[in-house]
Amino acid sequence: MASQSAASIDNVMHESRVFPPPAEFSAAARVKSLDEYQALWDRAAADPLAFWADLAREELHWFEPFTETLQWNEPFAKWFVGGKTNAAYNCLDKHVAEGRGDRTAILWEGEPGDTRTLTYAELLSEVCKFANVLKSVGVGVGDVVSIYMPMTPELAVAMLACARIGAIHSVIFAGFSAEAIADRNNDAKAKVQLTADGAWRRGKALPLKETVDEALAKSHTVETCIALKRIGEPVAMQDGRDHWWHELMEAASDDCPATPLDSETTLFILYTSGSTGKPKGIRHTTAGYNLYAKKTFQWVFDHRDDDVYWCTADCGWITGHSYLVYGPLAAGAACVMYEGAPNFPAEDRFWDIVEKYKVTTFYTAPTAIRAFIKWGDEHVEKHDLSSLRLLGTVGEGINPAAWLWYHEKIGGGRCPIVDTWWQTETGGIMMSPLPGAIPTKPGSCTKPLPGIMPKIVDPMGDEVGENQGGWLTISHPWPGMLRGIWGDDQRYEEVYWSKTPGMYLAGDNARRDEDGYYWIMGRIDDVLNVSGHRLSTIEIESALVSHPKVAEAAAVGRPDELKGEAVAVFVSLAAGVEATDELRDELKQHVRHEIGALAQPDDIRFTAALPKTRSGKIMRRLLKDIAAGKETVGDTTTLEDYTVLAKLRSDDA
Ligand code: WT7
C-alpha cells in the first residue's frame, strides 16, 4: 500500500461485493439497465443545456416561458432566465388542474399517535389560506419568514405558502437554541416568525414558543410571530406581535392564486449545520431547484403512482426540503410524514409506521441505521415489512456492515439501496444508483445522475488517477446548485470556487474505482496524515464498525512527533458489550487486519455516545481537539448534546 502522491489519499478499503438490481425491479423501473442509464447520462453530458431545457419545459408549469436556459457568470448562475413559474403551483395546483386533486399528498402521524391525511386538493386549500394569512401580516415577495415548527403538516403548509407568494422561507430545525435562532434571524433579516406552542419529543413537550420568545428578544427585524397550537400548554403571547395560527386561519379565504415568479426568485435560505465555522445561509431559487428536486426524486426513487414514500428527515434539513416537500410533491407522490422520535414509545416505531402505511420507499440516515442495529433485531422482526421495495440513505457514508444489515434486515434482501451523495448546497441528489439500472456496492454512492459531471482532482486542479483519492468537484453548473451564501458573495466564491477555478469544490474527498464508481472518503478537513500516508476517516471507521462488538466509531488524527499524526479513535460499543483492555487490543488488531498496520489505531477510547450535530453528523473537529488534549475552539452551537462533550472530557482527566 504505497502513497501515490503527496496530494492523493490512499485507498485502503477493499469492498468487492456487488449487488445487481433484482430482475423484477429492473423490468418495471423507469431506467432499466446500465446501458439505458449510460445513454441518458451521455445525452445529458453532450448537451447539458438542451437536456435541462427540455426537462424544464416538460416538468414545470410556466406562466411565461423562459428565453435563455443558463446565464453563467462564474460562479453566479441564472437558470431558465425570463421564465415565470411558481414552486407551490408545481407541487399542488398542477395536480389538481390535471384531475389528481383527490390523490393523497401527506399521510401524517404525530408522535402521540394522532393522524391526519391530506389530499392534494386539501393541501392546496390550506396553503392558499395560509398564504393569505401571510399577506395579511404584510409578507410579500422577497420577505424572509423564519420557521421554527414541529414536524406537522402545517410546517409543509408554511413552506409552500411562502413559495406561493414569493416570500423566502428559512426553516430552522426545532431543536436549535434561542441563540442559534436569533443568529439566523438576524443574518437573514427575518420579518415574520412561525412557531408552535410546543413539540412532542419522546413523550415530552418541548417549549418551542418559550425558546422563540427568547430568540425574538434578540431578533429585532421580526415584527410578527404566528404560533400553531400543537401541545395545548399555556404560553405567553405578546400583544401586537403574537397571533394564534388557528385564529388567523379561521378568517382567511382559500382563494389565493399562485404569484407568477421569475425563475431566479429566491425560494429559501437554509443555514447549514456546518461542522466548522459560522453557519452559512445557503440560497436556492425557484425554477432550477424545483425542477432538480422533482427529476432527481423520480430517477432515484424510481417513483410510481402506487408508491407510499417515506423520508424520515426533518424539514429543518435540506433532505426535508427536497425529498419531503419540493421533490415528491412536485412528482405527485403520497408522502408519509412523522413528527417524533424513532424510539417512542418503543424502538420499533419506524417499523410500526412502515407496516401501518404499507410504505414502499424508505429513505433515512446511516446514523439512524446504526441506532437500529444497536437496539436489536427483535424490534424489526415484530413487523411485516414486505411492502418495502426500495431503501435509501443520505447524510454521511454508510459503512458496508451497516449497509448489509439494512439490506438484509429491513429490505429482506430484495430491495435495492440507493446511497445518495449530495449536500445542502447541491439542492438535490448528485450521485446515487438508479435502482433499476446500476448494480450497487456497499459503501459506494455509485454513479453521477444525468447532467452531473464530477471530477476528482488534486490541489493543482489536475484529475487524479483511478482509485486515487482527491478532491471531489463538479465541472458543469446544474439547475439545483446553490446560487450563493445569503449576503456574502465573497465567502461563496472563496469556499466553493477559489481553490478549483471552473469547478464547484464540494469539500469532500472521493475516489473513482475501476468501474467508474465513486467512493466518498470524508470531508477534506478530516483527512489523517500518518507517516506521509493520507488516510480517510470513513475507511478506518468502516473497519471498526465491521467488528460485531462496535456500534459506532469516529477516527481523527492526533499530532505525533514521529508519524506526523497518530490515529485516535472513539468507539461506542454494541449493547451489552463491556469495555476492556482486551477488547481495545482486539480492535487494534482488527483494523490492522482489515486495512493494514498503517491504519492501526494508536489510541482507542470507549464512549457511550459520540458528539454529533443535530442532523446526526459526527463532529470530528471536536474529537480532534479532545484527542490532542486541547480546549475546544470554534462554533459548537450545532452540537446536539453538550453532555457528550463534557463526558468525553472528564474521561480524559
Ligand atoms: C455532506 C453534506 C445531503 C443532505 C443531508 C446532508 C456528507 C451526504 C453522503 C453519502 C457520504 C455523504 C458529505 C457531504 N454526505 N451524503 N451518501 N455518502 N457522505 O447535507 O448537511 O449539507 O452535508 O454530508 O460529506 O458533503 P449536508
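Q: Where does P345 lie?
A: P345 is placed in the loop between β17 (334–338) and α12 (349–357); helices (H or I, at least four residues) and strands (E, at least two) are DSSP runs, numbered from the N terminus. The peptide bond that joins F344 and P345 is cis, with omega about -5°. Most peptide bonds are trans. This is a predicted model, in which local features need pLDDT of at least 70 and side-chain atom pairs count only at pLDDT 80 or more, while totals for chains, interfaces and linings use all residues. Residues are numbered from 1 along each chain as its sequence is written, and side-chain values use heavy atoms, with hydrogens and water left out.

Q: Why is K358 called exposed?
A: Exposed means over 50% relative accessible area, buried under 20%, and partly exposed in between (1.4 Å probe, protein chains only). K358 has a relative accessible area of 55%, so K358 is exposed. This residue lies in the loop between α12 and β18 (361–364) and has a positive phi of about 50° although it is not a glycine.

Q: What makes the pair of F51 and W52 edge-to-face?
A: Rings of Phe, Tyr and Trp (its six-membered ring) pair if their centres lie within 6.5 Å; planes under 30 degrees apart count as stacked, over 60 as edge-to-face and the rest as tilted. The search of the whole structure finds 41 aromatic pairs. In the pair of F51 and W52, the centres are 5.1 Å apart and the planes stand at 75°, so the pair is edge-to-face.

Q: Why does F51 count as buried?
A: The relative accessibility of F51 is 4%, so F51 counts as buried. W52, at 0%, counts as buried.

Q: How do you know that the charged end of K229 sits over the ring of W244?
A: A charge sits over a ring if NZ of Lys or CZ of Arg is within 6 Å of the ring centre and within 35 degrees of the ring normal. The charged end of K229 is 4.6 Å from the centre of the W244 ring and sits over that ring. For K441 over the ring of Y517, the distance from the centre is 4.4 Å.
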